[in-house]
Amino acid sequence: MTTAPKRTSDEAVQAATGKTWVEWFLILDDAGSVHRTHAETAKWLADVEDVPSWWSQMITVEYERARGLKKVNEAIPTIRSPRPMASR
């Protein structure tokens, strides 16, 4: 059985970002994030709400879990560009 990771406390998220989880979730609901991709939501938080990168990711993940958009331990799809091979 897999146990859910413990979410960062309201106090910690508020100290780092100025808002609690509930406040962030309501902001993201109002912004239509339930219809956005993970990357779009995280970028929106960073660009519009001026949330630091790590926290924009954390808030997005917790929002997606709270709204049933992502399961605990579900991988976030990423697009990787191929790296050029090093010349010898």
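I looked up what covers the buried residues of α3, and the cover includes α2 (21-30) and α4 (53-66). I note that the model is a predicted one.

I then listed the residues concerned. Helix α3 spans residues 38-48, and H38, T41, A42, W44 and L45 are buried in it. I checked how they are placed around the axis: they cover an arc of only 155°, so they lie on the same side of α3. On the other side of α3 I found A39, K43, D47 and V48 exposed.

I looked at what comes after the helix. D50 follows α3, and its phi is positive, near 60°.

I turned next to the aromatic rings. I recorded 3 aromatic pairs in the structure. For the rings of W54 and W55, I noted centres 4.9 Å apart and planes at 85°. The pair is edge-to-face because an angle over 60 degrees between the planes counts as such.

Are W54 and W55 buried or exposed? W54 has 52% relative accessibility and counts as exposed, because the cut-off for exposed is over 50%. W55 has 14% relative accessibility and counts as buried, because the cut-off for buried is under 20%.

Which residues form an aromatic cluster? I found W21, F25 and Y63 together in one cluster.

My last entry concerns a charge and a ring. K19 has its charged end over the ring of W24, at 5.0 Å from the ring centre.

Definitions and conventions
Residues numbered from 1 in each chain as written. Predicted model: local features only at pLDDT ≥ 70, side-chain atom pairs only at ≥ 80, totals over all residues. Heavy atoms only, no water. Phe/Tyr/Trp six-rings, centres within 6.5 Å; stacked < 30°, edge-to-face > 60°. Buried < 20%, exposed > 50% of the residue type's maximum accessible area, 1.4 Å probe, protein only. Lys NZ or Arg CZ within 6 Å of the ring centre and 35° of its normal. Helix = DSSP H or I, 4+ residues; strand = E, 2+ residues; numbered from the N terminus. Arc of directions from axis to C-beta. Contact = heavy atoms within 4.5 Å.
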